[in-house]
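Please keep the sequence and the 3D view at hand while reading.

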Amino acid sequence: MAVNSLFDYFRKPVFVSTLICILIFYSSFFTIPQKPAVNSLIASKEITAVSGIILSSPAKTTSGSYYCASFAPKTVCNAQGLMSTASGRFTVYIPSEIAEVFSPGKLFSQSKSNGFLYETGGQYSFTGRYTDKGFYVKKCKAACWPKSFSGKLLHFRALCRLHFKRLMYSWGSGGGLLLALLCGAREYTDTATQDSFRRAGLSHILALSGMHLSMFSTIALFLGNRAGIKKLTFFLRIITLITFVWFAGFSPSLTRAFICAMLMIASAIAGAQKPDMLSILCFSFLIQSAMCPQDIHSVAFILSYGALAGILLTSRLFNRFYYKFCPKIFASSLSAATGAQTITAPISLKIFGAFSPIGIVSSTVVSPFVTIFIYSGLVLILLSLIFPFLAKPSGIFINLQYTVITFIVNIFSLVPNWHL
């Protein structure tokens with residue numbers, strides 16, 4: 001991007017507003033007041049029981065001992081039996097032996113007599129203890145799904161995710177990686193594989209983001225173009241993106257990608273030939289900050305916006321450099337990866353104390369293999385559902401691709417990271 005072009009953005013309210021918000025959110029000159037995690041008549045530290053709704057699909061913690069999820073309380077209770085209505089949001093930590101009752105292949109999946117399925121939209125009553133980090137569950141006393149249309153729809157989603165996990169589990173390690181790439185559940189992805197992706201600078205591939213949405217958008221675009229109806233193309237893209245995000249569940253990076261995708265579709269419907277991507281990113285930042293203020297200080301939120309901003313601000317500069325040494329197809333990928341690192345490297349050094357410069361090359365090499373892996377996985381999932389006898393050979397093919405991907409990732413993971 002030319003310097004004069006960048007200066008022109010200071011005349012745009014959406015760009016200036018974004019800069020002001022960034023200054024407020026992340027500088028030490030201003031402090032954003034934090035609302036209490038729980039608003040009730042009972043002091044937080046005295047809470048021993050909660051009832052409410054799980055707002056996000058439980059994700060396994062790094063230690064593996066718990067599954068954490070965002071929780072909206074309706075009532076809370078203390079040890080003396082005093083009950084109070086409550087509002088707010090906090091994190092619940094569900095012990096693995098409780099959360100994995102219905103998980104295929106898990107140690108605790110054989111004891112289902114008193115088990116419940118834990119997913120977004122379910123109403124649960126927990127006993128346990130409240131800490132500064134959140135509520136640590138000791139026991140689930142009751143669980144149900146609202147009888148409203150949205151409640152039934154979320155229950156259907158929970159069952160779909162459970163059956164999808166069962167199919168992916170039957171496909172072994174390759175299925176575990178495909179599960180992480182399609183719905184963000186990493187409990188069947190080998191820890192060693194996740195560490196290799198991280199050391200190789202490829203953590204963004206495992207995090208649901210714009211790459212995944214663009215792939216589903218491409219599928220919808222292909223089907224719409226084949227039908228030859230432009231309005232149908234827009235409709236299919238919107239429905240496909242909404243369905244994927246609904247199934248996978250919102251995360252800070254996926255929310256950013258979803259808002260940007262919807263803004264791009266809206267601009268295309270309005271007749272814009274070349275939408276201003278930096279303005280769209282700024283508008284997305286403002287929308288997400290207003291709708292999901294809890295995401296503002298999330299590492300995924302900061303890195304997601306930082307990476308895309310780096311690509312948009314530096315793409316032309318790095319393109320000119322790489323075009324001198326590489327074919328066009330590789331130069332574009334390398335310039336995008338380098339632009340993303342330009343912004344995210346200082347952030348990673350600040351937050352984690354390290355970053356992976358090899359990610360510039362590894363992203364260029366591994367991304368095409370992962371793209372083929374996801375597309376072929378979608379086809380094989382569809383075939384396996386229609387023709388169940390194809391499930392086993394499909395798993396063999398998926399694991400063959402998985403072996404190739406992990407082999408390449410493991411090579412890049414041997415390159416040392418930079419540390420402060």
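## Basis of the model

The model is predicted, so local features need pLDDT of at least 70 and side-chain atom pairs count only at pLDDT 80 or more, while totals for chains, interfaces and linings use all residues. Residues are numbered from 1 along each chain as its sequence is written, and side-chain values use heavy atoms, with hydrogens and water left out.

Helices (H or I, at least four residues) are DSSP runs numbered from the N terminus. Two packed helices are described by the angle between their axes and the distance between the axes. Axes are lines fitted to C-alpha atoms, for helices over the stretch in contact, and angles run from 0 to 180 degrees between N-to-C directions.

## Helices α13 and α14

Helix α13 (residues 328–351) and helix α14 (residues 359–386) have axes that come within 8 Å and cross at roughly 135°. The two helices are therefore oblique to each other (under 35 degrees is roughly parallel, over 145 roughly antiparallel, 65 to 115 roughly perpendicular, and the rest oblique).

In the contact (heavy atoms within 4.5 Å), α13 supplies Phe-330, Ser-333, Leu-334, Ala-337, Thr-338 and Gln-341, and α14 supplies Gly-359, Ile-360, Val-361, Ser-363 and Thr-364. The contact has 5 nonpolar, 6 polar and no charged residues. Here Ala, Val, Leu, Ile, Met, Phe, Trp, Tyr, Cys and Pro count as nonpolar, Asp, Glu, Lys and Arg as charged, and the others, Gly among them, as polar.

## Helix α5 and its partners

The axes of α4 and helix α5 (residues 172–183) come within 6 Å and cross at roughly 145°. The residues of this contact include Arg-161 and Lys-165 in α4, and Gly-172 and Gly-175 in α5. By class they divide into 7 nonpolar, 4 polar and 2 charged.

Helix α5 also packs with α14 at an angle of about 100°, their axes 11 Å apart. That makes α5 roughly perpendicular to α14. Among the residues that meet are Leu-178 and Leu-182 in α5, and Leu-378 and Ile-381 in α14. This contact has 9 nonpolar, 2 polar and no charged residues.

## A pocket and a cavity

Rolling a probe the size of a water molecule over the atoms shows where empty space is left. On a 1 Å grid over the protein atoms alone, a cavity is a set of points where a 1.4 Å probe fits but cannot get out; a pocket is an open set with protein on both sides within 12 Å along at least five of seven lines; lining residues have an atom within 4 Å of a point. Grid points are joined across faces, edges and corners, and a volume is the space filled by probe spheres set on the points.

The second largest pocket has a volume of about 730 Å³. Of its 21 lining residues, Phe-216, Thr-243, Phe-247, Leu-378 and Ile-381 lie nearest its centre. The lining has 18 nonpolar, 3 polar and no charged residues.

The largest cavity holds about 190 Å³ of space. Its lining has 14 residues, and Ala-99, Ser-103, Leu-117, Tyr-118 and Lys-165 are the closest to its centre. Helix α4 gives the most to this lining, with 4 residues.
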